[in-house]
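Let's take a walk through a protein model together. Have a look at the sequence and the 3D view before reading on.

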Amino acid sequence: MRISGMATFKQQKVEDFYEIGEELGSGQFAIVKKCCEKSSVTEYAGKFIKKRQLRASRRGVRREEIEREVNILQQIQHPNIITLHDVYENRTDVVLILELVTGGELFDFLAQKESLSEEEATAFIKQILDGVNYLHSKNIAHFDLKPENIMLLDKVPVPHIKLIDFGLAHRIEDGVEFKNIFGTPEFVAPEIVNYEPLGLPADMWSIGVITYILLSGASPFLGESKQETLTNITAMNYDLDEEFFSHTSELAKDFIKKLLVKDTRKRLNIKQALSHPWITSHEKEEQETSESKKQERRRLKTKRLKEYTIKSHSSMPPNNTYVNFERFAKVVEDLSVMETTFSGLASAHDSLQEDIDALISIYNEKESWYKEENESVRHDLSQIRYEYRKAESRKKQLQDEIKSVNSTLNAVSGKYDELKSHFESLNQEISDELKWVQDVIQSFQTEDTSEGYINEDFTSVFNKDLNETLKDLLNSTCNGELIASMKLDISESGR
């Protein structure tokens, strides 16, 4: 049934091959119904396991967990273990066709008896050990051994025990550490509570608790709350009270003590449990005991076991006890119907709660996103305001500088007009002076021409040189005054 590491199940409708009958029981994500094979008219039990549709969802069982349970059931074949016949799959469920067990739970059967001999108790524990021995020989740990999972094949005087429900079973591999928190608090081993590496010894602890309850009708670690129960387990808070074990043999007490050991290395393994004297030589011990003591402790009263069974089924408060189991059978049946109804309501409530949690999760994610975006926008706006203030400050500074430059330019323009006017005045004066010089030179020329000292060429050269010299003198003088005036104005504006 495995292809490339993935289990594949028959995709046909189970209804095409089996008649689906009454409901036999239900769990959180599974319903067990009676089925009849159409071809052979053989009756089976159909376990309808609800598949988890979404990985993030909590509703249903993950496919790998279903595959693990199916693979383990396919590997085991033992008289004291339920047998897997076939597997089907549809869109919502995986259906396990299992061996039909009709005898009910072991503790329910024993609670209807008036008393129980220690030999009978030993025989039942021996069957449980045989089934567990087969599992452990294949390195398979059940991890959920409890009275509800110890069923009777049918209702006969000498019942045949069947171990059921392998939903938590795991194959223990050498060198591979396995840790998990699962199981029923009342029966889990300390290593499960402490989240330590798990192995086959966890089943032996559960057998010790089951034996304790079977012989006394009391649960060794059960507290008023789940937390109190787990605390009792880790603290090893239990005793073999004489009130509960006054008619129990020392060998039986020794068997329990060696199973309820916190250190897994010191706890009895399955082989040691099967060879324990209480299992192997109980009859011999009874023969060596005096007849009076034998009669005194041969029969174990089942009154407390009846009370424990009713409490475990009906979830009644611990102080409510009943003497006659048959008298309250109808009450238990009605309570079972009510529990089924409440279970449906609880399932609907859980589904609604999951939807609400999903919506809250989405809302929280959106709210977180909006907060991040809001912070980002606020940061950007703050940066923009800062840049705007800088730009405004720079703008004002530039305006002040422009005003200063305009003022300087106005001053330079006024100075320039003043110098220009002065230059024009000087130019006029020089022109007048040149005119006078020319007149003088012309008078010289008139006087000296006849004598031959000065000719016309000399006059033109002299006039040209004189004009250039005067112009250079005027230009240098005006430029120097202009530059000096500008420097003076600029320094004054800087002040």
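## Before we start

This is a predicted model, so local features need pLDDT of at least 70 and side-chain atom pairs count only at pLDDT 80 or more, while totals for chains, interfaces and linings use all residues. Residues are numbered from 1 along each chain as its sequence is written, and side-chain values use heavy atoms, with hydrogens and water left out.

Strands here are DSSP runs of E with at least two residues, numbered from the N terminus. Five of them make an open sheet, in the order β3-β4-β5-β7-β6, and the pairing is antiparallel. The edges are β3 (18-26) and β6 (84-89), each pairing on one side only. From one strand to the next, the twist averages 25 degrees (axes are lines fitted to C-alpha atoms, and angles run from 0 to 180 degrees between N-to-C directions).

Two strands count as paired if DSSP finds at least two bridges between them. β3 and β4 (residues 30-37) pair over six bridges, in the antiparallel sense. One partner to look up is K33 in β4, bridged with E23.

## Zooming in on H170

Now jump to strand β12 (residues 170-171), where you'll find H170. Is H170 buried or exposed? H170 is buried, because its relative accessible area is 12% (buried means under 20%, exposed over 50%, partly exposed in between, using a 1.4 Å probe and protein chains only).

Who's around? Leaving out residues up to four places away in sequence, H170 touches R68, I72, N139, I140, A141, F143, F178 and F182, where contact means heavy atoms within 4.5 Å. A141 is 29 residues from H170 in sequence, yet their C-alpha atoms are 5.5 Å apart in space.

Terms used:
Helices (H or I, at least four residues) and strands (E, at least two) are DSSP runs, numbered from the N terminus.
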